[in-house]
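Open your viewer and load the model. Keep the sequence panel beside it, and follow the stops in order.

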Amino acid sequence: MMKRILLPSLVALALAGCQQGGEATGNAAADNAAEANAVVGNGAMGNNVAAEVVAMNDAQRNVVFIRAIMDAGLKCDHVESSQRLPDQDGNPLWRANCSGGVAHMVTITPDGTAKIISRTDR
């Protein structure tokens, strides 16, 4: 499944909201993966959104991830934690762990595109 969803200025919203309030392997896994894209920032203005997301604290980054995951139509009630993994194709990669044990892999490109890969067999 491939979707492209526009989330205008999500990075700025995540920062503002937080400041106010204080691996799948093998061919079978690839066959069972859902993939979606979402735009999480405004790369057209020359911002390196990937670098902005890397610089966020965990709470801010998890807000970005939950909005991207939900707006892509994937299941996640709450991102409880996220772990940075080795970069993929030169872009930062995280595992976003949702409540209920669901996890999604999220990469962010400099132009603000979030690529989300999820196992659909779990």
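**Stop 1: the whole chain.** Remember that this is a predicted model. Show the cartoon. You will find 4 helices and 6 strands. Trace the chain along its sequence, and the order reads β-α-α-β-α-α-β-β-β-β. Of the 122 residues, 40% count as buried.

**Stop 2: the core.** Select Val53, Phe65, Ile69, Val79, Val106, Ile108 and Ile116. These residues have the most contacts inside the largest nonpolar core, which has 20 residues. Next, colour α3 (49-55), α4 (58-71), β4 (91-98), β5 (103-108) and β6 (113-119). Each supplies at least two residues of this core. Which element gives the most? That is α4, with 5 residues. Nonpolar side chains tend to be buried together in soluble globular proteins.

**Stop 3: Val106.** Centre on Val106 and show what surrounds it. Leave aside its neighbours within four places in sequence. Val106 is then in contact with Phe65, Pro92, Leu93, Trp94, Ala96, Ala114, Lys115 and Ile116.

Stop 4: Select β3, residues 79-88, together with β4. Do these strands run parallel or antiparallel? They run antiparallel, joined by 7 bridges. Find Leu85: it stands opposite Leu93 in β4. Then move to the turn, where 2 residues lie between the strands of this hairpin. Stop at Asp89 in the turn, which has a positive phi of about 55 degrees.

Notes
Residues numbered from 1 in each chain as written. Predicted model: local features only at pLDDT ≥ 70, side-chain atom pairs only at ≥ 80, totals over all residues. Heavy atoms only, no water. Core = buried A, V, L, I, M, F, W, Y, C linked by side-chain atoms within 4.5 Å. Buried < 20%, exposed > 50% of the residue type's maximum accessible area, 1.4 Å probe, protein only. Contact = heavy atoms within 4.5 Å. Pairing = 2+ DSSP bridges.
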